[in-house]
Amino acid sequence: MSVDPAGRVVRSTARPHSETSRPAPIRTFLHTADGVTIDSVYDPPASVYDASGPLSRHPVFVVAHGFTGDADRPHVRRVAAVFAQYGGVVTFSFRGHGASGGRSTVGDREVLDLAAAVEWARSLGHPRVVTVGFSMGGSVVLRHAALYRPEGPGGDSGHDGRTGAHTDAVVSVSAPARWYYRGTAPMRKLHWLVTRPAGRLVGRYGFRTRIHHKEWDPVPLSPVEAVPRIAPTPLLVVHGDRDGYFPLDHPRMLADAAPGHAELWVEHGMGHAENAAPDELLRRIADWAVAQGG
């Protein structure tokens, strides 16, 4: 047993290593402002121990997975492996997913989970934090960036009182622009999964996702309402032109909500979220994020 830089007990830490080897990931449970435990993993940058420079020169990517994902899913680990070539990576399981506590609210209180992960990421010694979200996680990173605003060095005005929980750049991939969208067959199936008792049983036992039975009250800020509040934090919106969940009016609506600020990439031949994002696209996203940091 040991403690991480924020003073929390961790479940595993780096094993003894030489100056040129990469340490093992750190795994811990974080605690959200409303008391939910969040299973989280930190992967150090793959390049820290070569000639590219010290840890303090690398950003840290905080990856927000899609609905029914978790930190151990192969597609999430693949994303982390690509981003680790550019900086540190924090992955975590949203509430109700994987080993995390609580129940999923499908994008509402998940903003508290992301805030806890970002705060932890800042404590690890990296100069900049980049949030990258996919699908549901894509909506969460937009709302998080709107709600947790930088006030100055080392602080922010997040609504749950956390300090250091703001991001320095935002990437939203395959996200919806508005709530309650049912215009595609996959989204109609997802609404059945979330709103019906039988669907929630399928979610629990078929997808390892525990879904809250209560409806939103109040309805949270929508992604398209959040986007204008993100500036001047750099924002990248990425969407596939073969996305089966959300058609192209969603990313265009998001980009149009912040004219001259949000950058939009429409990817030819790409489907939905992490599984559909090729390594080449992930590398371009990482290049964009590094460039935003100067």
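Mentor: Start with glutamate 267. This is a predicted model. At 12% relative accessibility, glutamate 267 counts as buried, because buried means under 20%.

Trainee: Which side chain meets glutamate 267 in a salt bridge?

Mentor: Arginine 284 does, at 2.6 Å from N to O. Glutamate 267 sits in strand S12 and arginine 284 in helix H9, 17 residues apart, so the pair links distant parts of the chain. Arginine 284 is partly exposed, at 28% relative accessible area.

Trainee: Is aspartate 39 buried or exposed?

Mentor: Buried, with 2% relative accessibility. Aspartate 39 forms a salt bridge with arginine 27, and their closest N and O atoms are 2.7 Å apart. Here strand S4 holds the aspartate and strand S3 the arginine, twelve residues apart.

Trainee: Now the nonpolar side. What is the general idea?

Mentor: In soluble globular proteins, nonpolar side chains tend to be buried together.

Trainee: How many residues does the largest nonpolar core have?

Mentor: It has 50 residues. Val62, Phe67, Val90, Phe92 and Leu235 have the most contacts inside this core. Elements giving two or more residues include strands S3, S4 and S5 and helices H2 and H3. H2 gives the most, nine residues.

Trainee: What does phenylalanine 92 touch?

Mentor: Leaving out residues up to four places away in sequence, its contacts include Ile38, Asp39, Val62, Asp113 and Ala117. A second, separate core has 26 residues, among them Val63, Phe83, Phe134 and Val173.

Methods:
Residues numbered from 1 in each chain as written. Predicted model: local features only at pLDDT ≥ 70, side-chain atom pairs only at ≥ 80, totals over all residues. Heavy atoms only, no water. Core = buried A, V, L, I, M, F, W, Y, C linked by side-chain atoms within 4.5 Å. Buried < 20%, exposed > 50% of the residue type's maximum accessible area, 1.4 Å probe, protein only. Helix = DSSP H or I, 4+ residues; strand = E, 2+ residues; numbered from the N terminus. Contact = heavy atoms within 4.5 Å. Salt bridge = Lys/Arg side-chain N within 4 Å of Asp/Glu carboxyl O.
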